[in-house]
Structures are given as C-alpha cells and as structure tokens.
Amino acid sequence: MCKCNKLFTYFMWKDLETLDPKELPNTPGVYAVRIKQRGKPISKIKHHVENFLKKTNWKPFKQYVQNRINRLENIGECPIIYIGAAPNTLRGRYEDLCGRRHTALYPILALLTANWKLQLGYKQTTKTEAKQIEEELKQQYQQTHKTLPALVKR
C-alpha cells in the first residue's frame, strides 16, 4: 500500500473495464484512477503505440496522442495515476473517459490493451466542492510524492 492511500479512504472503487456508467451517481464529485494490476512494461506499450501512430501522417493527432502516451513514463510505485473533478456528474465524466473526450483516454486505453487492470474510484460532492477537493487531493498527493499523479503531470 502507498502512503497516499489514506487520501482515498472514502472513495468507492470499481473495476474500470466492467463498470457500467449507470452504476455511477449522476451527481458531481471527485474521482481517481488507480492500478489494480500491472501488465506489459511501459516501454513495450509506448513502442506499440508509436508503431500504430506511424501508420498515419495526421501530425496534430500524432502529436496529441504521443504527448499523452509519454505521460506513462511517469508511472512509479504509487498506484494512483489520475485525480480529477466531475463538477457536473461523475457518470458524465466517466463517459468522457470512455471515448468522448478526456486527457487520460489514450494512456488508459494503452494500459488496458497491455493487460493492465485499472480501477475508478469516486466520491460524491457538491458542484462547488468538486474542483476544490480535487485541488486539495492533488496538493496532498504532491506533498507526499513530490510530484503529481502520472497522467496528470504535464
């Protein structure tokens, strides 16, 4: 267990791949993504994605995805790899993560296709509390680890 685990004591955790969006509250909150089980090494994941990206000349897309995939190199011993806020609804933000639009979509997809098992944890809040609690969690995480979570760090 990581020493920052206490920050997420009141979170409800679900396996990311089997989570049905209907299981999530349609209310605001904060959420995190954590590693349940590691799969293939990051170097192999990055190599696979780079080979995939070579198949297109769509430069802005390649740059965007490569930037996000490079964040995988930040994964260390701590299982928490993302912390975010859902000021509208937790369900809606999860749906964003499933493909609508989310900064962590490509790195999470790359991990899942490389046999990593991930979990989504969440805590319901009010709309005004969501961003505030997210910032507090990130600050406390950074105090503990001297860096932000792997997929948050730019």
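**View A. Five nonpolar, two polar and three charged residues make up the lining of the second largest pocket.** The model is predicted: local features need pLDDT of at least 70, side-chain atom pairs count only at pLDDT 80 or more, and totals for chains, interfaces and linings use all residues. Residues are numbered from 1 along each chain as its sequence is written, and side-chain values use heavy atoms, with hydrogens and water left out. Nonpolar covers Ala, Val, Leu, Ile, Met, Phe, Trp, Tyr, Cys and Pro; charged covers Asp, Glu, Lys and Arg; the others, Gly among them, are polar. The lining consists of K6, L7, T9, Y10, F11, K123, I133, E136, L137 and Q140. Its largest share, four residues, comes from helix α5 (residues 127-145). Helices (H or I, at least four residues) and strands (E, at least two) are DSSP runs, numbered from the N terminus. The volume is about 160 Å³. A pocket is an open set of points on a 1 Å grid over the protein atoms alone, with protein on both sides within 12 Å along at least five of seven lines; a cavity is a set where a 1.4 Å probe fits but cannot get out; lining residues have an atom within 4 Å of a point. Points are joined across faces, edges and corners, and a volume is the space filled by probe spheres set on them.

**View B. The largest pocket holds about 280 Å³ of space.** Of its 15 lining residues, I45, H48, V49, A110 and T113 are the closest to the centre. Helices α1 (42-53), α2 (59-70) and α4 each supply at least two lining residues. The largest share, six residues, comes from α1. By class, the lining of the largest pocket divides into 11 nonpolar, two polar and two charged residues.

**View C. One cavity of 30 Å³ or more is counted.** The largest cavity has about 50 Å³ of space. Its lining is L24, Y31, L90, R93, Y94, L97, L120 and Y122. The most comes from α3, with four residues. Seven lining residues of the largest cavity are nonpolar, none is polar and one is charged.

**View D. Helix α3 (residues 90-100) has L90, G92, Y94, D96 and L97 buried.** Buried means under 20% relative accessible area, exposed over 50%, and partly exposed in between (1.4 Å probe, protein chains only). The cover over the buried residues of α3 includes β2 (29-37), β3 (80-86), α4 and β4 (117-124). pLDDT is the predictor's confidence in each residue, from 0 to 100. The chain average is 95, and 100% of the residues score at least 70.

**View E. L105 lies in helix α4 (residues 105-113).** L105 counts as buried because its relative accessibility is 14%. Leaving out residues up to four places away in sequence, L105 touches L97, C98 and G99. Contact means heavy atoms within 4.5 Å. L7 sits 98 residues away along the chain, and its C-alpha atom is 24 Å from that of L105.

**View F. The whole structure has zero disulfides.** A disulfide is a pair of cysteine sulfur atoms within 2.5 Å. The closest cysteine sulfur to that of C78 belongs to C4, at 3.5 Å, which is too far for a bond. C78 is buried, at 8% relative accessible area. C98 is exposed, at 51%.

**View G. N115 has a positive phi of about 70°, although it is not a glycine.** Most residues other than glycine have a negative phi. N115 is in the loop between α4 and β4. Its relative accessible area is 47%, so N115 is partly exposed.

**View H. K146, a residue other than glycine, also has a positive phi, near 65°.** K146 falls in the segment after α5. K146 counts as exposed, with 69% relative accessibility.
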